[in-house]
Structure formats: structure tokens, C-alpha cells
Amino acid sequence: MMDFHALMNNEIFYSYQPLYMRGGIQTLSESELSELDYLAELLAEPDKNIEQIEYMWNSNEKLFVLTNNTHNIYYDVFIK
């Protein structure tokens, strides 16, 4: 995720992660894991795959909605 966000000109701290991954990677579905594998393959050659990477950035909100411990407190208290 760090590489993906950096490539999209969105520098983030290591404590940030996508909100949908908050429960840990073990809670992700098979399709979500496949999607992460696909993203990793694209990021292996970013110059060659920039159009697909940009498409994922622009079309898949769950990849750029981030959280960290501070955000989790807000989410738990006000959103849940």
C-alpha cells in the first residue's frame, strides 16, 4: 500500500492502512486477496502499468480510504 500511495503522489505514514484491512489480512475474502495480488503485480512494473494503476486508484475507493489508530477511535465512537 505504501508503494501504491507513493506512486499516486499520496505519501502516507507506515501506520496508515486501508480501512477495509483494519481487521487484519486474515479477514479478507479470496477476491480481496486476489485484488491485492493483482495490484502487487502491477506495481512490480509501474511505468508499464501506470494506466491500470491509475484506474484502480480512481475507481476503487477502498484502496485509498485510510485509517490508523487515531482514526479507529473516531470510527468506533462516531461512525459505528
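The model is predicted: local features need pLDDT of at least 70, side-chain atom pairs count only at pLDDT 80 or more, and totals for chains, interfaces and linings use all residues. Residues are numbered from 1 along each chain as its sequence is written, and side-chain values use heavy atoms, with hydrogens and water left out.

The protein chain has four helices and two strands. Phe4, Tyr20 and Ile53 have the most contacts inside the largest nonpolar core. Three salt bridges turn up in the whole structure, along with two aromatic pairs.

**Fold and surface**

- Along the sequence, the pattern of the protein chain reads α-β-α-α-β-α.
- Helices (H or I, at least four residues) and strands (E, at least two) are DSSP runs, numbered from the N terminus.
- The protein chain has 80 residues, and 30% of them are buried.
- Buried means under 20% relative accessible area, exposed means over 50%, and partly exposed lies in between (1.4 Å probe, protein chains only).
- Of the contacts in the protein chain with a separation of 6 or more, 65% join residues 24 or more positions apart.
- A contact here means heavy atoms within 4.5 Å.

**Nonpolar core**

- The largest nonpolar core has 13 residues.
- Such a core is a set of buried Ala, Val, Leu, Ile, Met, Phe, Trp, Tyr and Cys residues joined through side-chain atoms within 4.5 Å.
- The largest nonpolar core counts Phe4, Tyr20 and Ile53 as its residues with the most contacts inside it. Helix 2 (30-44) and helix 3 (46-59) are the elements that give two or more residues to this core. Helix 2 supplies the largest share, four residues.

**Around Tyr20 and Leu28**

- Not counting residues up to four places away in sequence, Tyr20 touches Leu28, Glu32, Glu35, Leu36, Lys62 and Leu63.
- The charged end of Lys62 sits over the Tyr20 ring, 4.8 Å from its centre.
- A charge sits over a ring if NZ of Lys or CZ of Arg is within 6 Å of the ring centre and within 35 degrees of the ring normal.
- Leu28 lies in the loop between strand 1 (17-18) and helix 2.
- With 9% relative accessibility, Leu28 is buried.
- Leaving aside neighbours within four places in sequence, Leu28 contacts Tyr20, Met21, Leu33 and Leu36.

**Aromatic cluster**

- The structure holds two aromatic pairs. Phe4 and Trp57 pair edge-to-face, at 5.3 Å centre to centre and 70 degrees between the planes. This pair links distant parts of the chain: Phe4 is in helix 1 (residues 2-7) and Trp57 in helix 3, 53 residues apart. Trp57 and Phe64 have ring centres 5.3 Å apart and planes at 40 degrees, so this pair is tilted.
- Rings of Phe, Tyr and Trp (its six-membered ring) pair if their centres lie within 6.5 Å; planes under 30 degrees apart count as stacked, over 60 as edge-to-face and the rest as tilted.
- Both Phe4 and Trp57 are buried.
- Trp57 has a relative accessible area of 16%, whereas Phe64 is partly exposed at 32% relative accessibility.
- Phe4, Trp57 and Phe64 form one aromatic cluster.

**Salt bridges**

- A salt bridge is a side-chain nitrogen of Lys or Arg within 4 Å of a carboxyl oxygen of Asp or Glu.
- Glu32 bridges to Lys62, with the closest N and O atoms 3.7 Å apart. Glu32 is in helix 2 and Lys62 in the loop between helix 3 and strand 2 (66-67), 30 residues apart.
- Glu32 is buried at 18% relative accessibility; Lys62 is partly exposed at 28%.
- Glu35 also forms a salt bridge with Lys62 (3.3 Å, N to O). Glu35 lies in helix 2 and Lys62 in the loop between helix 3 and strand 2, so the pair ties together parts 27 residues apart in sequence.
- Lys48 and Glu45 meet in a salt bridge (4.0 Å, N to O). Shared partners join Glu32, Glu35 and Lys62 into one salt-bridge network.
- Lys48 is exposed, with a relative accessible area of 63%, while Glu45 is partly exposed at 43%.
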